[in-house]
Amino acid sequence: MFIALTTELREWAERIAEFARSEGLDFYDTIFEVLTVDQVNQVAAYGGFPQRYPHWKFGMEYERLRKQHTYGLGKIYEMVINNDPCYAYLLNDNAVVDQKTVMAHVYGHGDFFKNNTWFSKTNRKMMDEMANHATRIRRYVERVGLEKVECFIDTCLSLENLIDPHSQFMRRESPRSAVPRRPEDKKVATRFPAKAYMDRYINPAEQMAAEEREIDEAAHDAVGKNPPAPQRDILLFLLENAPLEDWQADILGIVREEAYYFSPQGQTKIMNEGWASYWHSTIMTNYCLRDEELITYCEHHSGTLATSPGRLNPYKLGIELLRDIEQRWNTGRYGLEYEQCEDMDERRNWGKGKGPKGRVVGCDSPGRQKIFDVRKTHNDVTFLDEFLTPEFVDDQKLYHYRQDPATGRMVVVDRDFRRIKQQMLFMLTNHAQPYIYALDGNYRNRGELYLGQRHVGVDLDIKYSVETLKSIQQIWGRPVHLHAVIDETPILFTYDGEQGTQQQIDESLPAPANSVDGSDIPKREPIGF
Amino acid sequence: MKIHKDHQRFRQIVKGKIREDLRKFLTRGELLGREGKRIISIPIRGIQTPHFRYGDNNDGGVGSGEGKPGDQVGEGDGPGGTEEGRHITEVEVSLDELADILGEELQLPRIKPRGKQRITSEKDRYSGVRQTGPESLRHFRRTFRRALRRQIIAGTYNPDDPRIVFERRDKMYRSWKTVLKPQSNAVIVYMMDVSGSMGDEQKELVRLEAFWIDAWLRRNYEGIESRYIVHDVRAGEVDRETFYHLREDGGTRISSAFRCAKALLENSYPADEWNIYMFHFSDGDNSSEADSRECCKLLKENLLPQCNMFGYCQVASAYGSGNFINVLHEHLPDEEEMVTSRVNGKDDIYDSIKAFFSKGK
């Protein structure tokens, strides 16, 4: 299916990899495939993979991409898959300079995939895994029929955002472990290792006693509760508790696994694209551009980084913020002394003449080291939270906009740093998706499922919520409830398999086993600066 | 390719042949095109599976660029997407292409001009570039890029004084191909009710609908003329600008518009030389039964026999009774030239266009 890489491109791929390594990038082996436009559209519709399970949503995406291309509305330049080896695609009718840019960009992504912590738990053999998923689902299609399987996939896809992205990095209480089955399984208070004479200072008795009490209370609370605490990974809760046939459970598991695989890409869009753009820019301008290619390169580079009103371009935001960090660390614009400096002139000129001239400053500069650290540990939320500065917001001409209730138009509100930062963080946190928890799997002792939304200032879309509730009911079998807050009033949405109802929540309604307030996320508080 | 099976299946769902249960999740208008200065959403069908998601009562977003508080932000669509590693650029599309997309999406047949076979006319279409040509056709962007490139290679480009001087060999000109097209002319007569009950919202719907009507008819005919008539209890011809912005108070007498249109056609557009399209937009709140009857009579005897199509588009309004559409159905049940549609919101516009043009007339 693939067109072979020409000798010229193969040589470029090797040379650019060398340049990238010499700058400190570290990536898995990268395999470039050359595709025709139609093939690129197909692979892109499959989310970058050559094999996916049969489903109309891929056909829908394919049609959109094809239309977009046919009418000149857009063109895909690059596509990379987080896999070991890394797979990347080149469009066969692109000019050589475009291919070189894409390669450099791809090595940037490759380095990010391999080194960024948020990707550390992703399956690096996903190419194979996706093909396995496809095979398994095709087998179910043969066994139970296309329509049945497709309907069930639709149901699962409607719940695919109900996962707990952080669970990959921490050990949440396993649902049953809070209630000890045997006395020796009972948890004990954490005791830090200490020499005997230091023990009463390092592990003070009253502290230990308090912790013991907490454990006892938790165990007491958890008796008979399922889940023992609010659970964000609703897909897991359904997998473990819903009455599913084996093929249904497997499909739900597949959808969940793929959702977890794609989740870090959503969490690091700005950083990932910024990092890749930083590197294609650095590598192209330092190593590989021939004079006559410059204009074409510049045109496409600036096209990639173009901004339009009302939209934040992740490529632009990412690369600019990384360059800003590099510049700040090269000129010493960080630390207490700098933070406390309130003289804007002094801040602007801080460390002037200290750092190396120009932007490209080699591998060993403190700024370069800093951005390598940043790409290792941060995701978009922490990246902006930590490094967005008033100067940067000013330089990038960022503004906060909202709908004018009188005219319905989107209008600029202001350029206030705090508001902009808060808005950006809100848009990025949890993907701008609501927080929904499973609170009780045996509500009113009738085997009904009770979900709750943690309200962080924005109401749910009622129409969509009711439809989604139907999807959950199809899996759960028994009636399902959703506790949401609409216009500051707590409302209970219920779907029992035949009809949906909603009612205001008051004391007369029995409470579920857990409440959203006991969940693991702190309420939205003003962000301190 | 494997994707074709998925694609086939998707098309069948959209057409309503299978999976009826998904039809309520059909969406439209995902692709954004740009025609001149305006951004246009192109109808492309999609299916959106429901998710728990936030409603629209959120706090807006963050953008970048110039602008004072209170300035309108471009018709952007919220925060940047979260698609996986790929990059899509936005380009301008011509009105012709937009019309093609519309035609394909709504599966509209090409219009067959009625009457005698017309004379074939020649038309030039710009289709490429070449190195010779008249200065008036110089392609500035291409020329500039070649000159810039030449200067950079020659080492005469100075970034501190970025002056680009064209030389003869830099210049690129648009070139054209001559295509033969059947010559046929059409006139569109737009009529709108501007009585008190037609508010800004209704006018916006009319404007959008008229934009697509224009686009589609222009794609199908060589020469198009548009005429505009507004009415409340009296009617008069106005220019395009006035048509969309005039606001009157008072009652509605639809027959006045029809009479005005009749006079217009008699004076300027004989039916054997022109393909005639008439569209009437109203909230359907005519002042009296008698006038409604008068309207039907005018339509039946004078207007319908002359025109390719008479489209009546009833826009929902908070005030109007919206009865006129029923009157038309009742009194003129079998008129092939007459097509009616109701538009309650932006989403209905495409259905309305489809209703108007699906017969290919």
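I began with a definition: helices (H or I, at least four residues) and strands (E, at least two) are DSSP runs, numbered from the N terminus. With that in hand, I placed A:Pro227 in the loop between α8 (205–222) and α9 of chain A. The peptide bond that leads from A:Asn226 to A:Pro227 is cis, with omega near -5°.

I noted the basis of the entries. The model is predicted, and local features need pLDDT of at least 70, side-chain atom pairs count only at pLDDT 80 or more, while totals for chains, interfaces and linings use all residues. Residues are numbered from 1 along each chain as its sequence is written, chains are lettered from A and ligands numbered from 1 in the order in which they are written, and side-chain values use heavy atoms, with hydrogens and water left out.

The peptide bond from A:Asp84 to A:Pro85 is cis, with omega near 0°.

**Entry: chain B as a whole**

I recorded 9 helices and 13 strands in chain B. Of its 361 residues, 45% count as buried; buried means under 20% relative accessible area, exposed over 50%, and partly exposed in between (1.4 Å probe, protein chains only). I then turned to contacts, meaning heavy atoms within 4.5 Å. Among those in chain B between residues at least 6 apart in sequence, 76% join residues at least 24 apart.

**Entry: aromatic rings**

How many aromatic pairs does the structure hold over all chains? I noted 40 aromatic pairs. Rings of Phe, Tyr and Trp (its six-membered ring) pair if their centres lie within 6.5 Å; planes under 30 degrees apart count as stacked, over 60 as edge-to-face and the rest as tilted. B:Tyr190 and B:Phe281 form a stacked pair, 6.3 Å centre to centre with 20° between the planes. This pair links distant parts of the chain, with B:Tyr190 in strand β8 (residues 185–193) and B:Phe281 in strand β11 (residues 275–282) of chain B, 91 residues apart. B:Tyr190 is buried at 0% relative accessibility, and B:Phe281 is buried with a relative accessible area of 0%. I also found one aromatic cluster, with B:Tyr190, B:Tyr228 and B:Phe356 among its members.

I next checked charges over rings; a charge sits over a ring if NZ of Lys or CZ of Arg is within 6 Å of the ring centre and within 35 degrees of the ring normal. A:Arg347 lies over the face of A:Tyr338, at 4.5 Å from the ring centre. B:Arg130 lies over the face of B:Trp176, at 5.1 Å from the ring centre.

**Entry: a sheet with strands from both chains**

Strands of a sheet pair through backbone hydrogen bonds, either parallel or antiparallel. Here two strands pair if DSSP finds at least two bridges between them. I found an open sheet of 3 strands in the order β5(A)-β4(A)-β5(B), with antiparallel pairing. Its edge strands, each pairing on one side only, are β5 (410–414) of chain A and β5 (61–64) of chain B. Strand β4 (residues 398–403) of chain A is joined to β5(B) by 4 bridges, and A:Leu398 stands opposite B:Ser64.

A:Lys397 is in the loop between α18 (390–395) and β4 of chain A. A:Lys397 has a positive phi of about 55° although it is not a glycine, and is partly exposed, with a relative accessible area of 37%.

**Entry: a sheet of chain A**

I recorded an open sheet of 5 strands in the order β6-β7-β8-β9-β10 (chain A), with mixed pairing. The edge strands are β6 (435–443) and β10 (500–504) of chain A. Strands β8 (residues 480–486) and β9 (residues 489–495) of chain A pair in the antiparallel sense over 7 bridges. The bridge partner of A:Val480 in β9(A) is A:Tyr495.

In the loop between β8 and β9 of chain A I found A:Glu488. Is A:Glu488 buried or exposed? A:Glu488 counts as exposed, at 76% relative accessibility. Its phi is positive, about 65°, although A:Glu488 is not a glycine.

**Entry: A:Ser471**

I placed A:Ser471 in helix α20 (residues 462–476) of chain A. A:Ser471 is buried, with a relative accessible area of 9%. Not counting residues up to four places away in sequence, A:Ser471 touches A:Thr155, A:Ser158 and A:Leu159.
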